[in-house]
Structure formats: C-alpha cells, structure tokens
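Below is a short briefing on one protein chain. Look at the sequence and the structure, then read the points by topic.

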Amino acid sequence: MAQTPSTMLPLGTQLPTFSLPEVKTDQVISSQELATDKPVLVIFLCAHCPFVLHAKDEIARIADDYAEQIKVVAISSNDVDSHPDDSPEQLKQLATDTGWSFPVCYDEDQSVAQAFHAACTPDFFLFDANQELVYRGQLDDSRPGSETPATGSDLRKALDTLLAGEQPDPNQKPSMGCNIKWKPGNEPEYFA
C-alpha cells in the first residue's frame, strides 16, 4: 500500500476558513463556529483508507477524551466519482458505526483540502485557541498491518502540552496515509 506523508504546513498558519455540509445531519459546519476559545483539531480522512480504518477507534477515543477541552471536526475531500466508497453516505455509515461524536464534513470541490495543504488520510491539524497551527503530525507510530496498536501517542502528547499552556515540540513526524484522491485536473501544486 502506497504511503503519502503530510505536507507539514508551517506552524503558526491561521485556521483556514471553510463552510461545509456535515454528513450525519446535513447541517453546515463553519470554521467560524469552531473558532471559539478552545483549540480545534481538524482531521482529513475518508471511509475506505486502510490508514483511517486502522486509526478510527483511537480517533474516536481522542475526540471523546478531549471533548470538554477541544473542538474536533473531520473532513473528507476525496473524489467520489473515482472512489465511491468515500461518498457522504459511506462516511455517515463509518461515523455512525465507529461512534464518532464529532462532525464529519464533505469537501466536494476539494477547496478546503487545498487551503489546508492536506495530502493524506488521515492528516491531523491542531490549532490553538487563537486558531494558529501548533501541530500537524502523525497520530502515532502505528501503521496498518503492524503489530503496533494505535494509541494516538504523538497527537495526545501535543494535545496535553497545548492544554497545559505550552507549545508542542515543533519537531513533528508527518502523518502518513493514502493520498487524497484529487479530481482530474484538481491536484494542487504543493502535492505534485
């Protein structure tokens, strides 16, 4: 299975603005309503990726464990014409089956993925309460097919450090996963 690393968007980048439909409720979720006095964790994922499926339960645990302290939103940007398993209906099913308590949005035109410089699934972006990027690294060292269970150790360490009032270590390992499935002619320059 091919592995694509995160682009490692520069730390300090402001939370990009977006407004997207949520697959479970059909309500629109905006970055403005997320940008309160809490940190925001944005996760790019999809329904079919083995890396996401490997991490899905730990992603749920992290969202639940930190529910009082942060806001979490997931975004899928894959081209559903080439990958129908990533349709909003399939995302809704995965979110329901896994018990994800956070919004799962669909980025049909892929503009939000481009604004974040997202490259893979899963791709994690943690913004502080001022909406500045403080972490854009891996969940942990586990990978599909490995004997290492998903613990979320890297992301949890960044969250705990941030919530303790400190900045996460800037030496971060990129997330690794399947590449975002771009629509023909839509592949961004940063990804090429």
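E22 and K24 form a salt bridge, with their closest N and O atoms 3.9 Å apart; a salt bridge here is a side-chain nitrogen of Lys or Arg within 4 Å of a carboxyl oxygen of Asp or Glu. The model is predicted: local features need pLDDT of at least 70 and side-chain atom pairs count only at pLDDT 80 or more, while totals for chains, interfaces and linings use all residues. Residues are numbered from 1 along each chain as its sequence is written, and side-chain values use heavy atoms, with hydrogens and water left out.

**Salt bridges**

- The structure holds six salt bridges.
- In the E22 pair, E22 is buried at 3% relative accessible area, and K24 is partly exposed at 26%. Buried means under 20% relative accessible area, exposed means over 50%, and partly exposed lies in between (1.4 Å probe, protein chains only).
- K56 and D57 form a salt bridge, with the closest N and O atoms 3.6 Å apart. K56 is partly exposed at 21%, and D57 is partly exposed at 38%.
- R156 and D65 meet in a salt bridge of 2.9 Å, N to O. This pair links distant parts of the chain, since R156 is in helix α5 and D65 is in helix α2, 91 residues apart. Helices (H or I, at least four residues) and strands (E, at least two) are DSSP runs, numbered from the N terminus.
- R156 is buried, with a relative accessible area of 17%, whereas D65 is partly exposed at 47%.
- A network of salt bridges links E58, R61, D65 and R156.

**The sheet**

- Five strands form an open sheet with mixed pairing, in the order β6-β5-β4-β8-β9. Two strands pair if DSSP finds at least two bridges between them.
- The edge strands are β6 and β9 (133-135), and each of them pairs on one side only.
- Neighbouring strands of this sheet are turned by 30° against each other on average, direction ignored. Axes are lines fitted to C-alpha atoms, for helices over the stretch in contact, and angles run from 0 to 180 degrees between N-to-C directions.
- β8 (residues 123-127) and β9 run antiparallel and are joined by two bridges. F127 has L133 in β9 as its bridge partner.
- Helix α5 (residues 153-163) packs on the sheet and touches β4 (40-44), β8 and β9; its direction makes about 5° with that of β8. Contact means heavy atoms within 4.5 Å.

**Strand β5 and its neighbours**

- Is β5 mostly covered or mostly open? It is mostly covered, as five of its six residues are buried.
- β4 and β5 are parallel and pair over five bridges, with I43 opposite A74 in β5.
- The chain passes from β4 through α2 to β5 in a right-handed β-α-β crossover. A crossover is right-handed if, with the strands pointing away from the viewer, the path from the first strand over the helix to the second runs clockwise.
- β5 and β6 also run parallel, joined by three bridges, and S76 stands opposite Y106 in β6.

**Helix α3**

- Which residues of α3 (residues 88-98) are buried? They are L91, L94, A95 and T98.
- Seen down the axis of α3, these buried residues fall within an arc of 95°, so they line one face of the helix. The arc is that of the directions from the helix axis to the C-beta atoms.
- An α-helix has 3.6 residues a turn, so residues three or four places apart point the same way.
- E89, T96 and D97 are exposed and sit on the face of α3 turned away from its buried side.
- The cover over the buried residues of α3 includes α2 (50-65), β5 (71-76) and β6 (104-106).

**Backbone details in loops**

- The peptide bond from T121 to P122 is cis, with omega near 0°. P122 is in the loop between β7 (120-121) and β8.
- M8 is not a glycine, yet its phi is positive, near 60°. M8 lies in the loop between β1 (4-5) and β2 (19-21) and counts as buried at 19% relative accessibility.
- Q110, also not a glycine, has a positive phi of about 70°. Q110 lies in the loop between β6 and α4 (111-116) and is buried, with a relative accessible area of 0%.
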